[in-house]
Amino acid sequence: EGMPNALMEAMAMGMPCISTDCPCGGPAMLIENGVNGLLTSVGDSDEMARAIERVVTDEKFSKSLSINAIKIRESARVDKIYAMWKEYALQIIEEWVK
């Protein structure tokens with residue numbers, strides 16, 4: 001999945017999220033590592049375990065991730081996404097008409 005909807009939904013609900021930093025880049029476009037979630041290397045189960053342990057045991061850190069994760073609601077609002085797509089489409093049309 002290029003842009004992980006489940007991750008966006010979890011963040012919007014204030015879940016402290018952990019994701020792998022997969023090559024497609026979707027999670028890295030949503031998560032600022034250590035600020036609104038955690039990114040771990042693909043295939044590194046030890047790193048994932050440490051991330052899970054940190055979220056489970058460090059209540060202050062987990063709460064901070066949650067508070068910051070909710071901010072995805074603002075950046076991913078439907079009207080904002082629509083405006084970006086509209087601008088993109090208009091740019092393409094403008095180039096095509098030239």
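Is W85 buried or exposed? In this predicted model, W85 is exposed, because its relative accessible area of 58% lies over the 50% cut-off.

**Aromatic pair**
- The structure contains one aromatic pair.
- This pair is formed by W85 and Y88, whose ring centres are 6.0 Å apart; the planes meet at 75°, over the 60 degrees required, so the arrangement is edge-to-face.
- Both W85 and Y88 belong to helix α6 (residues 78-97), where three residues, about one turn of the helix, separate them.
- An α-helix has 3.6 residues a turn, so residues three or four places apart point the same way.
- Y88 is partly exposed, with a relative accessible area of 46%.

**Nonpolar cores**
- Eight residues make up the largest nonpolar core, namely L7, M11, C17, L30, I31, L39, A69 and I72.
- Leaving aside residues up to four places away in sequence, I72 is in contact with M8, M11, A12 and L30.
- A second, separate core has five residues, including L38, V55, F61 and L65.
- In soluble globular proteins, nonpolar side chains tend to be buried together.

**Charge over a ring**
- F61, one of the residues of the second core, has R54 lying over its face, at 3.6 Å from the ring centre.

**Helix α3**
- Helix α3 (residues 45-57) has 13 residues, so at 1.5 Å a residue it should span 18 Å; the end C-alpha atoms are 18 Å apart, in agreement.
- Where α3 starts, a side-chain oxygen of D44 comes to within 3.3 Å of the backbone nitrogen of D46.

How values were computed
Residues numbered from 1 in each chain as written. Predicted model: local features only at pLDDT ≥ 70, side-chain atom pairs only at ≥ 80, totals over all residues. Heavy atoms only, no water. Helix = DSSP H or I, 4+ residues; strand = E, 2+ residues; numbered from the N terminus. Expected span 1.5 Å × (residues − 1). Polar contact = N/O pair within 3.5 Å; in protein donor to acceptor, adjacent residues only side chain to side chain. Phe/Tyr/Trp six-rings, centres within 6.5 Å; stacked < 30°, edge-to-face > 60°. Buried < 20%, exposed > 50% of the residue type's maximum accessible area, 1.4 Å probe, protein only. Lys NZ or Arg CZ within 6 Å of the ring centre and 35° of its normal. Core = buried A, V, L, I, M, F, W, Y, C linked by side-chain atoms within 4.5 Å. Contact = heavy atoms within 4.5 Å.
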